[in-house]
Amino acid sequence: MKLGYPKNGKFGEFGGRYIPETLVPAVEELEEAYLKYKDDAEFKKELRYYLTQYAGRPTPLYLAENLTKFAGGAKIYLKREDLLHGGAHKINNTLGQGLLAKRMKKKRIIAETGAGQHGVATAMACAALGMNGEVYMGYKDTQRQKLNVFRMNLLGSKVHPVKEGTQTLKDAINEAIRDWITNVKSTYYLLGSAVGPHPYPVMVRDFQSVIGEEILAQMKKLEKKSPDSVVACVGGGSNAIGTFYPLIDEDTKMFGVEAGGEGIKSGHHSATLLGGSKGVLHGMLTYLLQDKEGQISETHSVSAGLDYPGVGPEHSYLKDAKRVKYDAVNDKEAVEAFLLLSKQEGIIPALESAHAIAYAVKIARNMPKSESIVVTLSGRGDKDVEEVGRYLSKNVKNKK
Amino acid sequence: MSRIKNKFQYLRSKNQKALIAYVMTGFPSEKDTLSAVRGLVKGGADIIELGMPFSDPLADGPVIQNAGFQALQKGMNFSKFLALVKKIRKETDIPLVLMTYTNILYSHGYEKFISTVKRAGIDGLILPDMSINESGDFLQAAKKNKMDAIFLISPNTSPDRIRKISNASSGFLYLVSVFGTTGGQQQFQDYTVHAIKNAKKILHGKIPLGVGFGVSNPDQARFIIKSGADAIIVGSAFLRLMESTPSEKIEHKIGQFTASLKKATITE
């Protein structure tokens, strides 16, 4: 079932390259460079160096005993990507692509960001590797994730608020692609999720696979076997594919958790794989949230990082192949899990990761105590405290 | 023979180049689109491109983005688009090209979409995010329905790829004149001239070369034609004019502007 490096960038029927012609030479150049360096000893050594010495890998696999007791079933382990430099898994990818961009002699880096985590990770990689970063961010997201905007500025990157369309992640990607079309020769587009035209989905997956590889090694040490289940949240799906991919050939059940927003039936959600249909956006064929005429739908989630109407094409493939079960957790459950993990374990999870926590607690209940679940805690939640505060005060008001 | 091919043959016999004009359907309103089309026909446009709005137009600059956004806000949709095309077809035999994004076709199904718009009177399709590498099913449906598939090339497209793309194209080949999105440019750089000359050399007269993205006035049109283009494609400039013109004057104003551009395509 492992697809390796897919020919023509296709995961079954998904993926591919649906892009303006101007970008074709750019993605070809990128693919050539990636194929040249991905197994290059010098490149791998340098990436390993930055991942350990700069980002703080390997991350711990922490047995959340209190949460396990609370759920009353399977053991719940947390893969602590929240402890990475910058506070999220995103740095795994930005260091990888940053080093690649450097070898491609591109000095100007552009990126998109939703919650701001990828923007921050890009800004960090740019500062560390001596490159200039510019980050596109939906205006609505700049408002709800002010802390990250401030961090990006501090780290020396320029933030461009995007006021087009829905002013969220998808519009930030549109704008970054427009910039790339305009400055194609000088600029490297550092995409933050396992989405976009080939080779981005496979490249981001590879850079994030360090998560699943470590989980496998750590579980073999701790439990003498691969995990019985793994759970990760899915927006674009980079932390999830990084968690799943190395475990695909193991005897491990896999769960991808999408943002159910105000409920799938309400129409206000971002659960692309659950509520979507096949289509073409941002250079790839994948499941999308769209209307019957192919217009992309407005999405909703309390977490800006999951607020995206598409999903990585490899997830679409894994859904149809039934290797991963995709489900959704709504805003309310996610906020509850945010509060729960904070109180039970003293760990404030990102709202994105809180979706995975909520789901893990749900399934742990129905699993025997002898089994174990690994949840990828993709990021920490400091950035979300204001948003959670707003959510809580709004909902208390609504109840009155 | 297709209306588009016919038109180019006719223009060649008259020693003229083609003026291809783009308008966004439903912007500022469906009625205004119809007035604009009338102005385009009267002013002497040779081919009309009808934009169908898409929520995420990543190859478009601010003007077309905004036009599409407003059209969607006002409820532009596929059935209204078809009704508009049928109305236009009753008035004129001018070649009509539909410009939109791949997902609009994909969501209906290539075959179903293409056969439906063909029946309504569309002669060709332009999809800025349809790469020839992914175009198998699309091309099959286009061929079956005798629909011209107009692909795009860019100043950085390799000669080998230009050959491949031109082999897959029918009607004309669309050269994106600049590195950038659609919309006005101040001045073209040398690389645009070079790209036109290079493409013409490779095409060897097998298919007409249209040049667009950033052509917005008669001087630029003349410059692009002097560089060797068989057609100039103007879009954002028409939309800007429509935006600043009251509804009742759109037909007249668009007609005047079209005539000034058309003049540039007539080589003495």
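Ground rule for burial before I start: I call a residue buried under 20% relative accessible area, exposed over 50%, and partly exposed in between (1.4 Å probe, protein chains only). This is a predicted model, where local features need pLDDT of at least 70 and side-chain atom pairs count only at pLDDT 80 or more, while totals for chains, interfaces and linings use all residues. Residues are numbered from 1 along each chain as its sequence is written, chains are lettered from A and ligands numbered from 1 in the order in which they are written, and side-chain values use heavy atoms, with hydrogens and water left out.

**Entry: salt bridges inside chain A**

My rule for a salt bridge is a side-chain nitrogen of Lys or Arg within 4 Å of a carboxyl oxygen of Asp or Glu.

I looked at A:Glu13 first, and it is partly exposed at a relative accessible area of 38%. Its salt-bridge partner is A:Lys278, at 3.0 Å from N to O. A:Lys278 sits in strand β11 of chain A and A:Glu13 in the loop between β1 (10-11) and β2 (14-15), so the pair ties together parts that are 265 residues apart in sequence. For these elements, helices (H or I, at least four residues) and strands (E, at least two) are DSSP runs, numbered from the N terminus. A:Lys278 is partly exposed too, with 30% relative accessibility.

Next I checked A:Glu29, which bridges to A:Lys106 with the closest N and O atoms 3.3 Å apart. This pair ties together parts that are 77 residues apart in sequence, because A:Glu29 is in helix α1 of chain A and A:Lys106 in the loop between α4 (90-103) and β5 (108-113). Which of the two is buried? A:Lys106 is, with a relative accessible area of 8%, whereas A:Glu29 is partly exposed at 36%.

Then A:Glu214 and A:Lys79, whose closest N and O atoms are 2.7 Å apart in a salt bridge. Helix α10 (residues 210-222) holds A:Glu214 and strand β4 (residues 75-80) holds A:Lys79, so this one ties together parts that are 135 residues apart in sequence. Both A:Glu214 and A:Lys79 are buried. Shared partners join A:Arg57, A:Lys79, A:Glu81 and A:Glu214 into one network of salt bridges.

**Entry: A:Lys383**

I found A:Lys383 in the loop between β14 (372-377) and α16 (385-399) of chain A. At 6% relative accessibility, A:Lys383 counts as buried. I count a polar contact as a pair of N or O atoms within 3.5 Å; within protein, one must be able to donate a hydrogen and the other to accept it, and residues adjacent in sequence count only if both atoms are side-chain atoms. By that rule, the side chain of A:Lys383 has polar contacts with the side chains of A:Glu352 (2.8 Å) and A:Asp384 (2.7 Å). Plain contact means heavy atoms within 4.5 Å. Beyond four places in sequence, the contacts of A:Lys383 include A:Gln117, A:Asn148 and A:Leu351.

**Entry: A:Ser316**

A:Ser316 belongs to helix α13 (residues 313-320) of chain A, and its relative accessibility is 0%, so I log it as buried. Its side chain reaches the backbone nitrogen of A:Tyr287 at 3.1 Å. Leaving aside neighbours within four places, A:Ser316 also touches A:Phe14, A:Leu273, A:Thr286 and A:Val311.

**Entry: where the chains meet**

How many residues does each chain put into the contact? I get 37 residues from chain A and 35 residues from chain B. Buried area here is the accessible area (1.4 Å probe) that two parts lose on being put together, summed over both. For chain A and chain B this comes to about 2800 Å², with carbon and sulfur atoms giving 50%. A:Glu21, A:Arg178 and A:Glu293 supply 24% of the area that chain A buries against chain B, more than any other three residues.

Three salt bridges cross the interface. One I looked up joins B:Asp56 and A:Lys170 (2.9 Å, N to O).
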